[in-house]
Each structure stands twice: as structure tokens, then as C-alpha cells.
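Please look over the model below. This report covers a chain interface, a pair of domains and a sheet.

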Amino acid sequence: MYESTRYLVAGDRALVMEFGNEISTTINEKIRAMSIAIDQKNVAGISEIVPTYRSLMIHYDPLVITFNNLKEQMMELEKELKNIELPAPDVMIIPVLYGGEYGPDMTTVMEHNSLTEEDVIKIHTSRDCLIYMLGFTPGFPYLGGMDERIATPRLETPRTKIKGGSVGIAGKQTGIYSIDSPGGWQLIGWTPVPLYDPELENPFLLKAGNYVRFEAITEEEYQEIKPQIENRTYQCKVMPLDGGESRG
Amino acid sequence: MGKIKINKPGLLTTVQDGGRVGYQQFGVPVSGVMDAFSQRVANLLAGNDENEAVLEITLMGPEIEFEEDMVIAVTGGDLGAVLEGEALPLWQSVLVQSGQKIAFKAVKKGCRAYLAVAGGIQVPAVMGSKATYTRGKIGGYEGRALKAGDALDIGKPSASLDKLKDRSVNQDQYEYPQEITIRVVAGPQEEAFTDEGINTFYSSSYAVTNECDRMGYRLNGPEITHESGGDIISDGIAMGAVQVPGHGMPIVMMADRQTTGGYTKIANVISVDLPKMAQAKPGDQISFQKVTVEEAQQLLKDQEARIEHYRRELSLGTSAEDEKKASSAQDSPKIISRKELFRYRKGGKQYCLTIEEIEE
């Protein structure tokens, strides 16, 4: 993390607060704190904020607030950050059907790491993964924190169509395809829970700064929750992140 | 109200408004019109809210049939609009009759035209916006570009068609030249480039390639060199960001740009020049000129003052009157008698102080 935050000009209607030049949970916590502080402050002229790995882009209306004025206000707000009580991030439990037709590359991941399918599932479900940011496609989470024992290189030839909900591994990262899209990740499973549903009032299941925990479910368990998912009443289990880890 | 029917769709005709604001943090692009100036003026001419959805027409325009009498306004690039074979005046509101057809014959100037219809194009809002985002299949008409046979609902005009027709703005005609200077503010990653690279960027001319769409404009010209590569840890992308990946060729990010990206950005096109960028087409030559963020924001204020001038020029005086009527009907007590106390004139305006006796 930089000693002092860099304030960058990104055109005449966006300002970037850059906190560092690496991907780290400490930087992400600062971004999360700043996002919450901005939301609470309700600064006139800010239209939206976009958290990313190591920065926060603030989109604003220059007819309401100038760059310099906004920068001053953000610098003041940054000083007050330590006084802000941060709620613990949420951990969203994502049910996953592993292997078989749901995870066509499970065997590749097993062979690459000399593990059994049981091991891969156990390792993949063992850690809470931080959602650093959403992007690529609507609702797609960039996750951190996967156990490297199941790291596997991407497919040499990407697939032209991957079903939305597919859970994959690319190098040391894990992720979930939010909509049908092309891609080269090794697919180990599939979640029936949509990450993105434009028909819902809140179309997005995930939010940057929160965590994802994968939970293995059986075909029978899937059949049990399927009607609720189909009529859009299914709610993923959510719990606060274990104490102690939430603040750096 | 009535409908407009798409007989021929043209190259790429989509429903667009001011954009889908507030969902970039979830990875949803803003979309919306490429040339917001032309869209806003088209709406003002048609008596609509400035942000109302219009048709964005690209290069080869559609053929559209009006199923009822309507008032329309076409602004932006000159794509050869004709109404029943006669040239249609641009930057002007025009009464069209039921059964008449508008077509676009050939690109004369610019790249995109905007067609506003009095009453607005009625499609369901998705996440607060009618803008079509074709890659994400959301917004607009069924989340896609228009096809032959589509019929779009038109809302209720804000005034009678007689009042809305034949209005124009005294606009200094933008000439849509094929060699343009686009002003930018430096950053956010200017330091990722060599001095030579920065110098090349500002002193060269770049050609718009065929790879230019609503997402971005790939340009071709002298290579812009980096200090150490074109990749960064992904961060946010504003409209008009000039990305330069490792190959050293600039890409200007436009309305359907992804929300985040991992390439260095040397500069960002200023708001008032985004419409010029949006009207550039393959083969056009672009050079970049640096201004400060303060200058850019002042230029934007000047442009807003100009739009405010149009807004006043085109004001129908109806909205204030309607509001008054509506509020007196609903909330205000019944007036029994009214007496004028005095009047005076100041700054060319007349003021009047009255007293009213109201019902208990």
C-alpha cells in the first residue's frame, strides 16, 4: 500500500483513488472502508463508485463538483476513515454441483495436482474467497484466496460457450461465470444459483468486498432447491466473516 | 399512443438513452448514446425529456414507417434522411403523417444520426435505463439491435403536434470533418509511457480503423512506447479513456466499454469532444491535444449553457403551467376571491403581488 493515496485524473468526470500497486487484502479493506464512507457521506455530484483491485474510481458530475473540490473532500474523508465502524463483510455460501457433467475438467485438475476428486472438492470448499471486484461480464467476481494446491493452467484452447454458473480454475484463481460466455477456465463444477438476473430488483448476488464460500451439494439436494431457484425465492446462506480477519 | 414500424433495420439501429448509471460496480457497462449532445438536442426539439430514449442510427440507416401522425427530430451526422423521398431537414422538428416513411440514403457527414419521436420510445427500463447493451442482451427492444418487422411504442407527446412541429435551434453547424482534433486530459497512467511515447501521441495523426464500434475505437498510427509494458492491475475505465496496450496503438473506449480493464491509459477524451469522437468513422484522421481538467470542466459548463439556451428557446411553457394546474387541482384550497395589490417591472419582467381568499 502507498504511504499516501494517489489521486488520479481519469478524464473530466472521473477521479481515481489509487491505494497501492499490488493485489492485497489490506488494500481491499481500505477500498471497502472508503466506499462505505462515501456512501454514508452522500457527496453531491458523485454518480457512482467502482471498486477495483487496488483503486476506487469515482464517477462524478463536473457541473456539480469540480475535480479539485472532490479531491479535497475525499482527502478529508480519508482522514476520518479510522473512525468508521465497518460491518464485517458477508460470506455468501454458493452451492456447487462438482464433477461429472457439471465439471468437465475435474479430471484435468485432479491429474495436474495428483489429487482425488474428493480432495479437490475439499480444498475448493475450504477457504473463504474475497471478492476483489466485479467485471468482465455483469456480476462476474474476481476472487482471491484459492488454495494453490488445486491451481491448474487454463485450457490451451478456450471454449466458445460456457454455461453461466460454471465454476472454474485458471492458474491460482477461481471464479464463477456469471452468464453464458466464451472462456478458458478449467471447469470443476456448476452452481444453479444465478449470479446475475436482470429481472430482479437487485440483479446481483455478489458485491465487491464480501466473500464467497463454495459448498458441495448432491444431485438430490439440487433437486430440492431447484423449485425455489426457478421461482426466484431461493436465498443463499449468508454469514458474517469470522471475527479478527475483517480488519487489517 | 402510436407505433413506429421498422421496415428495414439498417446497419445498426438501437434504442439508446443517457445510459445505465449506477451498476458499473457490478460489471454492467453504462451504454447509452455515443453522441449525447445530438441526442439531447433531438429530444428538446421533440419536446421530450433530454434523457429520453431515441434511435441511434449508424452509417447505413433504417427505413421506418409511422403508424400515426407524429413529430420527429433527426440530429447528429447527416446520413441522407428522406421523408417520402424528400430530403428531411435536420436539427428541426418535423410533423410526419400516418403511413409516411423515413429512409436514409447515404452517409454525407459523420457516422451516427439520432431520431427522437415526440413522446419518446417506450421500451421497458432495465436497471433504470432504456439503453440497449447488445453484448449483455439487456435494455432497448428485447436487448438487441432492431430488425425488420419490429414495432416500437411511442409515448404521449408533451404538447400538441402543432405546437411541437417546425421548431429548430440556432445551432452552429458542426461540419463533421474527416480530420479532427480531439482534446484530452492526461492520465491516469501517463507515467507508464516514455517521454518519446507521450510526444508521439500528441504530435501524430491516428487513423480510425474498421474495428470501431460502440465499445471502442481502435486507431492506427505511430507506435506509442511504454516504459515497461502496457499491462496494469485492472482498474476502472471512464468513457473516452485512451487505452494503449503493449502493441502501442491507442483504443478510445466508448459507450459500451467494459467497466474495468488491465491496459495503461495515456489520456481521456474530454466530455465536450466525445460527440466528435462518436461521429468519426473508419478512415478519419484524429490528432490529440492536451488540456487541463479545469479547462475541460469549464468547456463542459459552456456547452451546458448553450444547451440551457436551447432549452429556453424551445420551452413550451407547458410543464410549469401543467404543474400549476395539477397542484391547484389536488392540493391547493379553493380560491374564493383574488385581489391584485400591486405590479411592478424590473429587468424587462413584470411582477404582480396578489392576495387570495381561500376556502377553509
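## Between the chains

The count between chain B and chain A is 1 salt bridge, meaning a side-chain nitrogen of Lys or Arg within 4 Å of a carboxyl oxygen of Asp or Glu. A:Arg6 and B:Glu191 form this pair through their side chains, at 3.5 Å from N to O.

This is a predicted model: local features need pLDDT of at least 70, side-chain atom pairs count only at pLDDT 80 or more, and totals for chains, interfaces and linings use all residues. Residues are numbered from 1 along each chain as its sequence is written, chains are lettered from A and ligands numbered from 1 in the order in which they are written, and side-chain values use heavy atoms, with hydrogens and water left out.

Polar contacts also cross the interface of chain B and chain A: 13 residue pairs, both residues at pLDDT 80 or more. A polar contact is a pair of N or O atoms within 3.5 Å; within protein, one must be able to donate a hydrogen and the other to accept it, and residues adjacent in sequence count only if both atoms are side-chain atoms.

Which elements give two or more residues to the side of chain B that touches chain A? They are strands S13 (179–186), S16 (231–236) and S19 (260–269) and helix H5 (293–313) of chain B. Helices (H or I, at least four residues) and strands (E, at least two) are DSSP runs, numbered from the N terminus. H5(B) gives the most to this side, with 7 residues. By class, the side of chain B that touches chain A holds 19 nonpolar, 12 polar and 5 charged residues. Here Ala, Val, Leu, Ile, Met, Phe, Trp, Tyr, Cys and Pro count as nonpolar, Asp, Glu, Lys and Arg as charged, and the others, Gly among them, as polar.

## Two interfaces in numbers

Contact means heavy atoms within 4.5 Å. Buried area is the accessible area (1.4 Å probe) that two parts lose on being put together, summed over both. Domain bounds come from an automatic or database domain assignment. In chain A that assignment gives domain 1 (6–83) and domain 2 (90–240).

| Interface | Residues in contact | Buried area |
|---|---|---|
| Chain B and chain A | 36 residues from chain B, 40 residues from chain A | about 3,200 Å², 61% from carbon and sulfur atoms |
| Domain 1 and domain 2 of chain A | 8 residues from domain 1, 8 residues from domain 2 | about 740 Å², 61% on carbon and sulfur atoms |

## Between the domains of chain A

A:Asn28, A:Arg32 and A:Tyr53 supply 59% of the area that domain 1 buries against domain 2, more than any other three residues. Across this domain interface the rule finds 0 salt bridges. Helix H1 (residues 25–41) of chain A gives the largest share of the domain 1 side, 3 residues. The C-alpha centres of the two domains lie 30 Å apart.

## A sheet in chain B

Chain B has an open, antiparallel sheet of 7 strands, in the order S7-S6-S9-S4-S1-S12-S11. Strands S7 (86–87) and S11 (121–122) stand at the edges with a single partner strand each, so one side of each is left without a neighbour in the sheet. Two strands pair if DSSP finds at least two bridges between them.

S11(B) runs antiparallel to S12 (residues 151–154), joined by 2 bridges. B:Ile121 stands opposite B:Ile154 in S12(B). S1 (residues 3–8) is joined to S12(B) by 3 bridges, and to S4 (residues 63–66) by 4 bridges. B:Lys5 stands opposite B:Ala151 in S12(B), while B:Ile4 stands opposite B:Phe66 in S4(B).
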